[in-house]
Each structure stands twice: as C-alpha cells, then as structure tokens.
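Me: I'm new to this one. Could you take me closely through one part, the main nonpolar core and what sits around that core?

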Amino acid sequence: MQLRPLLMKTPCAVKQLAAELKIDLNQAHYLMTRLEQASVAVVDRLEKRAGRPVKHYSIAPRWFIPFDVTSASTLEDAANAQILPRTRRIVENAIRIAQQHTSGRRGYWLSAEALNMGDEHGPADALFLGNEPFMLNLGQMNLSRADALRLKQRLAQVFDEFQQLEQPSEPPYTVSIMLVRGQMD
C-alpha cells in the first residue's frame, strides 16, 4: 500500500498508517508531520480519548507540485522522473505475463506493421487477442487533428466508464493511455 492513495481514500491515524505501510510508528509520525508542515496533509478530524486526541490525516485528491521545488534540473527530467519508472514497471509486468503465456525460445516477431512479443511458434496472439485482460499496444497512426481529437475523446470516455466500475476487492490493472503527436523511432 502506498501513502498517497491510502490518505486520499480515507482519513487515517498515524498508527493505522504505520500498520498499512509496514513502517515504524516513529517513521509514520515523522512522515505525517513533514507532510502537514508542507500543507500536503491536513488533520481531518480529532478523535477524543484519554490523554492527547488522535489526529486523523487526509490529503486532497489533487495538489500542485511546482517544478522548481523538485530536484530535477529541467522539466524533461521532472517528467521523466515521474513517467519512466511507471512505464518501466508496466513493461516489466507485461513481460512477466507474456512469459507465462509463451514457451520455448521467446522473442519478437517483426513485420512492416507491428512488433509482437511471442516465441518461435509465433506471436502471442492468444495473449494479445484472446480472452486474457491484457494489452500492450504501441504504434503509430497518421491521423488528421480532428480524428486524433476524436480518438482522444473516445479513449477518455472508455477510461472514465471503466473507472466507475472499480471494486477495491478486485485485482488491480494498470492502464496507461498516451496520445502524442510525433513519430516514434
């Protein structure tokens, strides 16, 4: 469990945070004090009890982090620090799943239209096109600005539709949608 999603969902006491994050109580207290000082975390409510009341912290679902307060020297470095590690984890998970669905000598099938993971028997079509809830598509389309905008709007609608179906008891699926003008090499 990560701190940010935990505190965005429900206010938590330091003891609760320490247990959820599997860290020492003093570490959790230090962390929350730092976040409160930075105005990222706020005391959502006080629980009265004998002695000092227990603070329950929360954070806003969104907040702005100015680029100039990060340790990155350029905007590109700041973006890369946020995007690249997540993209790397997505690719690592995809490879792990692909390895579970292929056997023998693994590799890529290259054609003029695509680069597909698979094994010496062919692309892993059962994985990519079958009933496994898995996609890893990276490609290029030549679209008019109007068509690219329509694609963006439809992808956003689908994303929003399925976000409404989220159930905390179900396994997580990572979804990454990027639509960027420019050519991939």
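Reply: Eleven residues make up the largest nonpolar core: Leu-7, Cys-12, Val-14, Leu-17, Ala-18, Ala-28, Met-32, Leu-35, Ala-41, Tyr-57 and Ile-59. A nonpolar core here is a set of buried Ala, Val, Leu, Ile, Met, Phe, Trp, Tyr and Cys residues joined through side-chain atoms within 4.5 Å, and buried means under 20% relative accessible area with a 1.4 Å probe, protein chains only. Two or more residues come from each of α2 (14–21), α3 and β3; helices are DSSP runs of H or I with at least four residues, strands runs of E with at least two, numbered from the N terminus.

This is a predicted model, where local features need pLDDT of at least 70, side-chain atom pairs count only at pLDDT 80 or more, and totals for chains, interfaces and linings use all residues. Residues are numbered from 1 along each chain as its sequence is written, and side-chain values use heavy atoms, leaving out hydrogens and water.

Now the strands. Three of them form an open sheet in the order β1-β3-β2, paired antiparallel; strands pair if DSSP finds at least two bridges between them. β1 (12–13) and β2 (41–47) are at the edges with a single partner strand each, so one side of each has no neighbour in the sheet. β1 and β3 (residues 54–59) are joined by two bridges, and Cys-12 has Tyr-57 as its bridge partner in β3. Helix α3 (residues 25–37) packs on this sheet, touching β2 and β3, where contact means heavy atoms within 4.5 Å.

Conventions
Axes are lines fitted to C-alpha atoms, for helices over the stretch in contact, and angles run from 0 to 180 degrees between N-to-C directions. Buried means under 20% relative accessible area, exposed over 50%, partly exposed in between (1.4 Å probe, protein chains only).
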